[in-house]
Amino acid sequence: MNHAAYRTNSRKLLILALFVLLTAAAYLFAEAHWGNERLFRYAMRLRIPKLAAMLITAFAIGGASIVFQSIIQNTIVTPCLLGMNSLYMLIHTAVVFAVGSSSLFAVNANAAFAVDLILMGVTATVVYSYFFRKTRHNVLYVLLIGTVLSSLFSSIQTAMVRVMDPNEYDALLSALTASFSNINSEIMGLSVVVMAVVVLVLRRELKLLDVMTLGKNQAINLGVDYDRCIRRLLLGVTLFIAVATAMVGPISFLGLVIANLSRQLLKTFRHGQLIAGSVLFGMMILVGGQLLVERVYSYTVPVSVFIMVGGGIYFLYLLLSRKGA
Amino acid sequence: MLVRELTKKYDGKTVVDSVSFQIPKRSVISLIGPNGAGKSTVMGMISRLIARDSGLVAFEGSDIRKWKSRDLSKRLAILTQSNHTQVKLTVRELVAFGRFPYSGGRLTPEDEQMIDRAIAYMELEPFQDRFIDELSGGQRQRAYIAMVIAQDTEYVLLDEPTNNLDIYHSSNMMKIVRRLCDELGKTVILVLHEINYAAFYSDYICAFSEGRVAKFGTVKEVMTRETLSAIYGVDFEIMEISGKPLSIYY
């Protein structure tokens with residue numbers, strides 16, 4: 001069915017992947033002190049983990065955003081807009097707050113991350129599926145509640161930080177201020193494992209995404225166990241967002257931008273292609289942006305600022321260009 | 001298909017109250033009744049879209065809850081009123097989804113054949129590569145019916161298929177319903193607001209009133225002045241036109 005469109009899209013994705021490769025190569029090798037072997041090695045040691053973190057983040061946010069949009073059947077909402085990353089920050093702070101900075105969960109980054117992931121998975125699935133049910137997926141309500149939740153979570157988190165013992169706050173600081181210049185690389189290995197497991201466990205549900213975008217009634221008519229499928233996919237989305245937030249901190253609007261760019265470019269319902277497009281756009285924006293930040297602005301402006309500004313404008317454009325949606 | 005003492009409550013209010021009837025095979029059955037009489041809810045419950053509170057819906061001898069959803073989707077198709085999707089989908093791609101219960105995402109040559117046939121049956125060939133959000137209401141409705149045909153089920157359930165269609169498209173839709181039964185041998189159950197469409201095109205009518213079955217029978221049995229007046233609370237005249245009892249009300 002419509003093989004021509006499928007092939008055109010595959011070609012577009014291939015070109016996009018080439019661009020990603022070029023950007024990644026530029027990021028790695030620009031001004032890398034080719035002449036001096038020791039300096040070159042030093043540059044690589046700094047840049048390779050960063051590049052890996054950016055690629056992993058792009059994968060997590062790109063995948064999660066498309067899946068999330070299809071679950072709630074709206075393309076202008078992303079997990080970050082609904083406060084999922086604020087929730088992660090809150091959980092992370094709450095854990096340190098509750099168990100203290102000397103405990104295993106604060107000292108060992110991987111243990112802390114694992115606890116965060118479990119808490120996040122449970123809380124987010126309960127909270128968000130409750131709100132989706134309650135609002136019957138009405139986008140305006142979902143968006144409104146999401147915005148309120150987002151500030152609620154960060155207010156609670158700030159309140160906790162204020163009353164915290166300074167030593168404990170110190171232990172938290174590195175995780176709270178994670179960004180692309182300050183990557184939480186300790187948990188990278190665990191992140192990759194978590195993401196791989198999620199994809200593996202959800203592979204059947206991911207194949208059902210195409211059908212689910214026809215709406216609840218059609219999906220059930222075609223034999224999909226809708227509610228179970230939504231629950232499982234939502235859990236996957238929250239874990240992906242947790243991974244991205246833990247590693248490089250919150251980046252609002254990135255998901256929105258890349259998911260919609262992918263939808264605009266590919267104009268298809270096939271989620272395999274949409275997710276691939278979104279992930280590739282994410283990689284290009286993050287790596288390209290970081291390249292710009294490091295080589296042109298010499299670290300004066302973090303890449304998340306560009307993404308926020310560009311993404312905010314793009315979000316307004318999306319809202320205004322689709323009247324009545 | 002057998003429905004026994006089906007009941008549904010919303011917030012303590014009983015919307016469907018021990019409804020029982022049996023669906024005769026290879027016929028067109030219309031569910032009629034005033035707003036809030038529970039006909040769409042009954043339709044939802046017999047198609048597993050809405051969970052029932054108590055009672056039984058038996059399909060081919062066993063409870064629909066015991067059926068695997070996937071197996072049921074090869075035997076029974078439901079089309080609800082509002083069908084819109086956010087994604088860009090062509091008519092052909094939509095119709096292809098009808099084959100999902102059989103082949104998952106991967107279409108076999110046999111599936112392609114069924115899709116071709118469904119598109120031809122609904123005379124949608126000229127539009128098959130158009131996006132559905134670019135079609136008119138009538139064409140879109142036909143595209144969704146084509147998907148149901150591709151699903152190749154014995155039972156077809158349609159919730160207000162003439163909703164939002166003008167007279168021309170509505171009567172076309174009803175003729176299609178008749179053909180689904182007469183030519184393809186399907187059992188078609190539909191919720192209708194237009195009593196005369198029900199009277200003219202169906203074999204049986206199930207009339208609902210306040211969550212209960214007020215009358216279930218052949219068109220002639222249900223289309224009487226007394227029954228309709230009691231259900232709708234409006235005066236009716238029944239006239240026979242080309243052998244069918246049609247109602248006049250105002």
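**Figure 1. Surroundings of S171(B).** Leaving aside neighbours within four places in sequence, S171(B) is in contact with Y197(B) and Y201(B). The model shown here and in the other views is predicted. S171(B) sits in helix α7 of chain B, which covers residues 167–182. Its side chain reaches the backbone oxygen of Y168(B) at 3.3 Å. With a relative accessible area of 17%, S171(B) counts as buried, because the limit for that class is under 20%.

**Figure 2. R295(A) in helix α13 of chain A.** Helix α13 of chain A spans residues 271–295, and R295(A) lies in it. Not counting residues up to four places away in sequence, R295(A) touches A30(A), E31(A) and R47(A). R295(A) and Y27(A) are 268 residues apart along the chain, yet 9.0 Å separates their C-alpha atoms. The relative accessible area of R295(A) is 26%, so this residue is classed as partly exposed; the class lies between the buried limit of under 20% and the exposed limit of over 50%.

**Figure 3. The interface of chain A and chain B.** Chain A gives 23 residues to the contact and chain B gives 30 residues. About 2,200 Å² is buried between chain A and chain B, and carbon and sulfur atoms give 61% of this area. Zero salt bridges are counted between chain A and chain B. Five residue pairs are found in polar contact across the interface, with both residues of a pair at pLDDT 80 or more.

**Figure 4. The side of chain A that touches chain B.** Two or more residues of this side come from each of the elements α9 (203–212) and α10 (216–221) of chain A. Helix α10(A) gives the largest share, four residues. By residue class, this side of chain A divides into eight nonpolar, ten polar and five charged residues.

**Figure 5. The largest nonpolar core and I46(B).** This core has 190 residues. Those with the most contacts inside the core are F68(A), Y128(A), I46(B) and I189(B). Not counting residues up to four places away in sequence, I46(B) touches M1(B), V3(B), L6(B), V57(B), I64(B), L76(B), L157(B) and I189(B).

Methods:
Residues numbered from 1 in each chain as written. Chains lettered and ligands numbered in written order. Predicted model: local features only at pLDDT ≥ 70, side-chain atom pairs only at ≥ 80, totals over all residues. Heavy atoms only, no water. Contact = heavy atoms within 4.5 Å. Buried area = accessible area lost by both parts, 1.4 Å probe. Salt bridge = Lys/Arg side-chain N within 4 Å of Asp/Glu carboxyl O. Polar contact = N/O pair within 3.5 Å; in protein donor to acceptor, adjacent residues only side chain to side chain. Nonpolar A, V, L, I, M, F, W, Y, C, P; charged D, E, K, R; others polar. Buried < 20%, exposed > 50% of the residue type's maximum accessible area, 1.4 Å probe, protein only. Core = buried A, V, L, I, M, F, W, Y, C linked by side-chain atoms within 4.5 Å.
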